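Hello, and welcome to this structure.

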Amino acid sequence: MFQDVHKKIIISLKDEDLRNGSREATREEMKNRLDAIKRHPYAEDWAKEIKEIKRKLLLDPIKSFEDFKKSFEGEGKYIYFAKDGEEAKKIILKIIGKKSTVVKSKSLVGEEIELRQFLEMNGINVYETDLGEFLVQLVNGKPAHMVTPAVNMTEGRARNVLYPVIKERMDDVVSMVLGVRGFMREKFLSADVGITGANALSIDTGSIVFITNEGNGALSSTLPEKLVVITSIEKIYPSLKDAIKASIVQTVYAGFKNTTYIHIINGVPKEPKNGPKELHLIIVDNGRIGDISLKETLYCIKCGSCQLSCPIFREVDGAWGEIYTAAIGIPWTAITGKISVARDLSYFCLQCGRCKEVCPMKIDIPNLILKIKRERF
Ligand code: SF4
């Protein structure tokens, strides 16, 4: 396996287009992050609060799940606990049924368990509706970054990827976005099921909070008759206020001065024509609860700052990893994927410590990576 990672890095290093795309985008994203922090100076204190809240809740995550479940359940709403990806996928397939069309909004947990690939293998038409995810789907690839999945794709490459599908002249980014928008409209209207992720869940109100910068989240979650939300157990918070705070901290550190949409879903509408008739929420563990030595990873709110600050990521983007790539992606891979892959990735860490410096949750990422590295020898 180590040789596979090595090979991927060598291929990436030889790809000038990809390296230029990666360098340019990471520079830009880090600048956006600083601008966003300046605009929201309270985010640093909120991050400290969220870390303390998470520390307490993660002492007993099953209790948090049970408390949330009691508050969430109601008419038209169903909740499931999936111990791993296989279980989550089986549950989702049963809900969706075969021969469906699905419009999907971004979900990192969905990527983690390779949900789209699984549904496609079962004959379901799946459309990634987030522009970056759609590009990743078209090249049959994996997201290069947690927040911006196609961060490494230059405009020229994106145009070449989109043209065979959109079949319209696209001279600039605006025309590309408009082309994809037109293509997706029809899918939203004909889809049977919408799938989204969630940034946070709140125990006091039983709410699901998710944030998007494109209108796709609203359309995926309101137009189809069934809505499936997939998320993970470390995203449960005591109150709606905490859930919103955590989501805002994530977007600020992800470099968004103002996130376009903050969605709060509390249930299904009484009048079925006004939205989905059924809401299914799947909460996935996938190794999170059982891992004691890397538990600090669960404080991560997936803002992606640490990846952008990683000198290896900047040079060769995320093409060398699995679902989660550089920095905190290495412990995330150890927890949710294969430890052997995480060990191979850990070997490329320089222990420079930049990831820890930029992390809003002050996670000691170099130390987590060192623990994984030590297990190798
Ligand atoms: S480890 Fe910290 S910087 Fe990295 S994604 Fe998680 S919260 Fe963001």
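This is a predicted model: local features need pLDDT of at least 70, side-chain atom pairs count only at pLDDT 80 or more; totals for chains, interfaces and linings use all residues.

1. As general background, nonpolar side chains tend to be buried together in soluble globular proteins.

2. Ile365 is worth a click. Setting aside its neighbours within four places in sequence, Ile365 is in contact with Cys306, Ala327, Ile328, Cys355, Lys356 and Cys359.

3. Now step back to the whole chain. Its secondary structure comes to 18 helices and 10 strands, and its C-alpha trace spans about 55 × 55 × 40 Å along the principal axes. A compact globule of 377 residues would have a radius of gyration near 21 Å, and the value for the chain, 20 Å, agrees with that. Buried residues account for 49% of the 377. Take the contacts between residues at least 6 apart in sequence: 75% of them join residues at least 24 apart.

4. How many residues of strand β7 are buried? Seven of the seven, residues 226-232, so the strand is largely enclosed by the rest of the structure. Lys226, Val228, Ile230 and Ser232 point one way, while Leu227, Val229 and Thr231 point the other way, and all are buried.

5. Strand β4 (residues 193-196) pairs with β7 in the parallel sense over four bridges, and Ile195 has Val228 in β7 as its bridge partner. Strand β10 (residues 278-284) also pairs with β7 in the parallel sense, over seven bridges. There, Ile230 stands opposite Ile282 in β10.

6. Helix α15 (residues 329-336) is another element that is mostly covered, with eight of its eight residues buried. Among them are Trp332, Pro331, Ile330 and Ile335, along with Gly329 and Thr333.

7. Which residues come nearest to the ligand? Of the 16 around it, they are Cys300, Cys303, Cys306, Ile328 and Cys359. The shell around the ligand has 13 nonpolar, two polar and one charged residues.

8. Finally, please check two backbone angles. Most residues other than glycine have a negative phi. Lys302 has a positive phi of about 60° although it is not a glycine, and it lies in the loop between β10 and α13 (305-309). Phi of Lys362 is also positive, near 50°, and Lys362 lies in the loop between α17 (354-358) and α18 (365-376).

9. Are these two lysines buried or exposed? Lys302 counts as buried because it has 22 C-beta neighbours inside 10 Å, where 20 or more are needed. Lys362 has 14 such neighbours inside 10 Å, so it counts as partly exposed.

How values were computed. Residues are numbered from 1 along each chain as its sequence is written. A residue is buried if 20 or more other C-beta atoms lie within 10 Å of its own, exposed if 12 or fewer, and partly exposed in between; C-beta atoms are placed from the backbone. Helices (H or I, at least four residues) and strands (E, at least two) are DSSP runs, numbered from the N terminus. Two strands pair if DSSP finds at least two bridges between them. A residue is near a molecule or strand if its C-beta atom, placed from the backbone, lies within 6 Å of it. Ala, Val, Leu, Ile, Met, Phe, Trp, Tyr, Cys and Pro count as nonpolar, Asp, Glu, Lys and Arg as charged, and the others, Gly among them, as polar. The radius of gyration is taken over C-alpha atoms; the globule rule is 2.2 Å times the number of residues to the power 0.38. Two residues are in contact if their C-beta atoms, placed from the backbone, lie within 7 Å.
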